[in-house]
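Colleague: Before I rely on the wording used for this model, I would like to go through the terms one by one and hear what stands behind each.

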Amino acid sequence: MIKVDLSGAKQFLSEAVDYDAALKAFDTLVTGSGAGADFTGWMELPQRIRDTELDRICECAAKIRSRSKALVVIGIGGSYLGARGAIELLRPIPAKGDPTVYFAGNGVSPDYLCDLIERIGDDDFDVNVISKSGTTMEPAVSFRIFRELLHKKYGDKADEHIIMTTDAHRGALKEQGDKYGWESFIVPDDVGGRFSVLSAVGLLPMAVAGIDVRKVIDCAIEEMAQLSVRDVSNSAIEYAAARNCLYRKGYGVEILACYEPSFRFMGEWWKQLYGESEGKDGVGIFPASVEYTADLHSMGQYIQEGVRFLMETVVTFEHSRKNYVVPFDSENADGLNYLSGRDLADISTVVTEAVRQAHISGGVPNIQLFADRRDEAGFASVVCFFEMACGISGYLTGVNPFNQPGVEAYKKNMFRMLGKPGC
């Protein structure tokens with residue numbers, strides 16, 4: 001379970017954190033009595049997946065791994081960010097013999113698409129198209145293109161290389177898949193896209209990449225059970241209450257930081273989760289993310305001395321998967337022999353604390369989150385923690401955390417300008 005350290009934020013809180021309000025928001029979430037309650041199925045999703053689709057997900061992944069060198073995952077937003085975050089966190093470099101998982105359909109750049117097609121080249125590949133409707137423009141265009149490539153490569157066998165993850169009952173993609181016999185997995189009706197990573201949406205690409213999704217789900221079931229306890233010691237309640245207290249004090253931007261470069265796309269997943277859940281009705285904390293220590297040499301100046309509307313949440317994996325000791329250099333031209341013999345993990349710990357102290361003294365409230373290690377269990381704990389805290393935090397802010405009416409605004413303009421009939 002994620003551990004929360006609020007000591008770096010307390011001096012910025014002129015009033016006590018309102019845990020009573022947080023507990024009421026927690027009650028609203030777990031009892032399904034709030035706005036958007038029809039989309040809270042993610043709380044019991046890990047158990048449901050284990051009981052229904054998990055075996056078939058693993059079987060499909062094994063089939064893809066046995067026949068293809070690449071899987072192209074086509075989706076946008078919640079249909080790809082969770083899977084990409086998981087794969088880059090746990091398998092940033094594919095193991096020897098593992099397929100490479102590529103992502104398409106999250107934009108309309110011709111350069112990106114052509115580069116991806118060129119990279120796949122003559123390799124055998126499969127396509128996993130993920131969409132509730134099948135008509136969202138960006139993924140639908142990419143799917144049309146890759147479906148044509150499959151037909152050119154495999155002819156009558158092309159449909160065997162298409163796996164769809166879509167609505168169980170309706171939609172253009174569902175109708176196509178039923179017509180052509182594509183293998184199918186479900187986007188749950190009661191789970192919004194940004195909460196769907198622990199369904200087939202995220203699990204199939206993760207399993208193809210070599211991640212032990214059975215372990216992910218087993219750990220997620222345990223995490224959700226712990227996060228469902230009504231107590232102020234519940235880490236999700238602690239975090240939600242503290243960030244909302246800071247928000248009321250004028251800290252309207254939250255920076256999520258991690259000292260693992262492989263966490264970058266988990267940050268992107270987190271930004272969608274919180275931005276889409278809380279940013280509405282003229283309120284909400286703006287979510288941003290940085291990669292430390294790299295961004296200390298770019299964004300670090302602003303974080304240290306810019307406008308004081310920033311709060312900082314730092315995710316730390318307490319145990320490294322590997323160790324490396326700094327070697328001794330007889331010339332010592334760089335003057336770093338004082339570090340020789342020290343493990344990089346130890347140096348990272350010192351850097352983390354040095355940055356924490358500097359930012360706090362510079363006026364940036366700091367919340368620390370600790371996960372055990374960068375593995376399947378650590379991933380599950382991060383996902384479950386942030387999802388539960390997001391639901392609580394949304395109700396604390398006074399919004400429906402599970403809708404996203406604003407995302408349609410650009411689409412109306414886009415369809416009209418592209419000449420879509422009827423627009």
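Colleague: What makes strand β2 and β4 a pair?

Modeller: Two strands pair if DSSP finds at least two bridges between them, and strand β2 (residues 70-74) and β4 are joined in the parallel sense over 5 bridges; one of the links is between Ala70 and its bridge partner in β4, Phe125. Strands here are DSSP runs of E of at least two residues, helices are runs of H or I of at least four, and both are numbered from the N terminus. This is a predicted model, in which local features need pLDDT of at least 70 and side-chain atom pairs count only at pLDDT 80 or more, while totals for chains, interfaces and linings use all residues. Residues are numbered from 1 along each chain as its sequence is written, and side-chain values use heavy atoms, with hydrogens and water left out.

Colleague: How many bridges join β4 to strand β5?

Modeller: There are 4 bridges between β4 and strand β5 (residues 162-166), and the two run parallel; Asn128 has Ile163 as its bridge partner in β5.

Colleague: Why is β4 called largely enclosed?

Modeller: Buried means under 20% relative accessible area, exposed over 50% and partly exposed in between, with a 1.4 Å probe and protein chains only; because 6 of the 6 residues of strand β4 (residues 125-130) are buried, β4 is largely enclosed by the rest of the structure. Phe125, Val127 and Val129 point one way, Asp126, Asn128 and Ile130 the other way, and all are buried.

Colleague: How do you know that Thr316 is buried?

Modeller: Thr316, found in strand β9, has a relative accessible area of 18%, and therefore counts as buried. Leaving aside its neighbours within four places in sequence, Thr316 is in contact (heavy atoms within 4.5 Å) with Thr352, Leu369, Phe370 and Ala371.

Colleague: What makes helix α4 mostly covered?

Modeller: In helix α4 (residues 81-90), 9 of its 10 residues are buried, and what covers them includes β3 (100-104), α8 (200-208) and α14 (376-397).

Colleague: Why is α5 called roughly parallel to α6?

Modeller: The axes of helix α5 (residues 110-120) and helix α6 (residues 137-154), which are lines fitted to C-alpha atoms over the stretch in contact, with angles from 0 to 180 degrees between N-to-C directions, come within 12 Å and cross at roughly 25 degrees. Angles under 35 degrees count as roughly parallel, over 145 as roughly antiparallel, 65 to 115 as roughly perpendicular and the rest as oblique, so α5 is roughly parallel to α6.
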